[in-house]
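Open your viewer and get ready to select a few residues. We will go from the overall layout down to single side chains.

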Amino acid sequence: MNRNELTERIVVARLAKGLSWQELADAIDRPVVWTTSALLGQQPIPAELGKVLAAMLGLDESAVPVLAAPPMRGGLPTAVPTDPTVYRFYEALQVYGGAIKELIHEQFGDGIMSAINFSVDLQKKPHPSGDRVVVTFDGKFLPYQWVSAEN
């Protein structure tokens, strides 16, 4: 079984068993965004946690090493995402990405926000005009550094 096949099985099993992503995250004491990302194939899941999730989802133990393997991260099926929810993040970064980049450089210096040393959180915030989605990206600042060939 490859990772894509396993991901499809996970999605079907979760729905069939009526499990929420939060319930799965709580079972392994991990953040819900990380757990969801991992079960969708974007994070390796340590074997001991993979066993818990496989049992909850009714998956064979052969799923555990596939869950634990380092995944091929990222990569959407199209260059511009077509799913409306994912596209809105793409759109927001097209509109605000340049400003965010400028402000990172102004406040931190020449560098980037790490997506490796990183966490993300999603909250629902009630609002009189309709509930708000609050997404927090929390990445370590990594300065660009010039290293000469002699070093």
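Here is a short tour of domains, a nonpolar core and annotated positions.

This is a predicted model, in which local features need pLDDT of at least 70, side-chain atom pairs count only at pLDDT 80 or more, and totals for chains, interfaces and linings use all residues. Residues are numbered from 1 along each chain as its sequence is written, and side-chain values use heavy atoms, leaving out hydrogens and water.

Start by colouring domain 1 (3-68) and domain 2 (84-143), whose bounds come from an automatic or database domain assignment. Their centres, taken over C-alpha atoms, are 26 Å apart.

Next, select Leu6, Ile10, Leu24, Leu39, Ile45, Leu57 and Leu59, which touch the most other members of the 19-residue largest nonpolar core (buried Ala, Val, Leu, Ile, Met, Phe, Trp, Tyr and Cys residues joined through side-chain atoms within 4.5 Å). Helices H1 (3-17), H2 (21-28), H3 (32-39), H4 (47-57) and H5 (63-68) each give at least two residues to this core; helices (H or I, at least four residues) and strands (E, at least two) are DSSP runs, numbered from the N terminus.

Now move to Arg88, Glu91 and Ser114, where UniProt, in an unreviewed entry, places the feature "active site"; such annotations may be inferred rather than shown by experiment. Arg88 sits in helix H6 (residues 84-108).

Finally, show the contacts (heavy atoms within 4.5 Å) of Ser114: beyond neighbours within four places in sequence, they are Gly139, Lys140 and Leu142.

Note on methods
Buried < 20%, exposed > 50% of the residue type's maximum accessible area, 1.4 Å probe, protein only.
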